[in-house]
Amino acid sequence: MSFVLALNPPIPSRLFHYTKAPFAMSILTGGVGTDKEICFWLKNCKEKNDDKETVLGQKLAESVKTFMLEEGMRSMLEQIHVKEELIFTNSFSEGKVNQYMLREYGNVRLEFDFRHYKTQDDIEKCQYLTDKDLEELIQQYISDFKSVQGDHSINALYTRIEREQDIISKIATIKSEQEWEDEEEWRHIFHKQKQDNRVFTNVDGKERMRVYYPQSTLTGITVFYEKEKTDEQIEWYKKFKTLMKTNHWTNKCVQLRKFKP
């Protein structure tokens with residue numbers, strides 16, 4: 001893979017969150033009012049479903065930081081100490097119906113349009129890399145820093161800041177291609193602060209972070225049904241239809257679709 005500096009791609013008109021029906025209902029009814037009608041309870045990266053959520057990102061940051069320290073170059077990366085329990089993420093996927101996500105996370109798909117969301121720039125697309133790709137990316141950043149070494153111009157300073165910020169954002173957005181590429185994931189990333197009223201302890205004894213979205217970002221709900229559970233899934237479809245009507249969210253599309261494994 002050849003790497004070039006590129007901006008995060010624009011957010012698609014639809015991003016999808018797959019989950020089980022009871023969780024979807026909790027998300028849609030857990031808000032607190034105007035512009036905070038939808039509420040997710042996020043896990044931190046340490047509690048996610050894989051123990052390697054940030055391994056590649058940490059290796060990237062540490063490798064570049066080591067190079068800069070050895071060269072006597074000051075860097076924001078010196079202040080970065082990655083702790084997975086402080087990074088909370090919300091996951092979305094793009095594209096057509098994602099069979100992997102349906103099997104892995106649940107048969108309800110919440111559908112969002114974040115293009116006009118006020119913090120849309122904080123939602124980033126994950127990159128899926130092999131070990132070889134990661135080494136190439138590390139060397140690309142090192143080459144970029146070498147190119148401005150000893151240069152004290154404004155342009156050189158801007159280049160360094162831009163590259164360092166990009167590395168920091170990648171800590172939680174680069175993942176193993178072999179294990180995770182099927183997700184086609186976008187991530188909304190949040191960092192726990194020392195005093196953070198978004199974070200609470202769940203009944204399982206683990207931390208969660210409450211994150212709110214305006215109902216205007218929700219465009220639809222799709223309930224995928226299987227032959228063996230048709231009655232149950234149709235009942236959930238009716239519940240979501242009723243919820244939309246009760247909340248006067250009349251512009252949301254609620255549909256029922258057959259799931260083909």
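T173 occupies the loop between α5 (154–170) and β7 (174–176); helices (H or I, at least four residues) and strands (E, at least two) are DSSP runs numbered from the N terminus. The model is predicted: local features need pLDDT of at least 70, side-chain atom pairs count only at pLDDT 80 or more, and totals for chains, interfaces and linings use all residues. Residues are numbered from 1 along each chain as its sequence is written, and side-chain values use heavy atoms, with hydrogens and water left out.

**Threonine sites**

- T173 is buried, with a relative accessible area of 3%; buried means under 20% relative accessible area, for a 1.4 Å probe and protein chains only.
- The side chain of T173 reaches the backbone oxygen of S169 at 3.1 Å.
- Beyond its neighbours within four places in sequence, T173 is in contact (heavy atoms within 4.5 Å) with E124, K125, C126, Q127 and I189.
- T19 belongs to strand β1 (residues 15–19) and is buried, at a relative accessible area of 6%.
- Not counting residues up to four places away in sequence, T19 touches A24, Y105, G106, N107 and V108.

**Packing of α2 and α4**

- The axes of helix α2 (residues 55–70) and helix α4 (residues 131–147) come within 10 Å and cross at roughly 30°; axes are lines fitted to C-alpha atoms over the stretch in contact, and angles run from 0 to 180 degrees between N-to-C directions.
- The crossing of α2 and α4 is right-handed, that is, the near helix is turned clockwise from the far one by less than a right angle.
- From α2, L56, K59, L60, S63, V64, F67 and M68 meet L134, E135, L137, I138, Y141, I142, F145 and K146 of α4.
- The residues of this contact divide into eleven nonpolar, one polar and three charged; Ala, Val, Leu, Ile, Met, Phe, Trp, Tyr, Cys and Pro count as nonpolar, Asp, Glu, Lys and Arg as charged, and the others, Gly among them, as polar.

**Nonpolar cores**

- The largest nonpolar core has 33 residues, and those with the most contacts inside it are L28, I38, L110, F114, Y213 and F240; such a core is a set of buried Ala, Val, Leu, Ile, Met, Phe, Trp, Tyr and Cys residues joined through side-chain atoms within 4.5 Å.
- Elements giving two or more residues to this core include α1 (21–29), β4 (108–112), β10 (207–213) and α7 (230–246).
- The most is given by α1, with five residues.
- Leaving aside neighbours within four places in sequence, the contacts of Y213 include I38, F40, F92, F114 and F190.
- A second, separate core of 22 residues includes F67, M68, I174 and I189.

How values were computed. Buried < 20%, exposed > 50% of the residue type's maximum accessible area, 1.4 Å probe, protein only. Polar contact = N/O pair within 3.5 Å; in protein donor to acceptor, adjacent residues only side chain to side chain.
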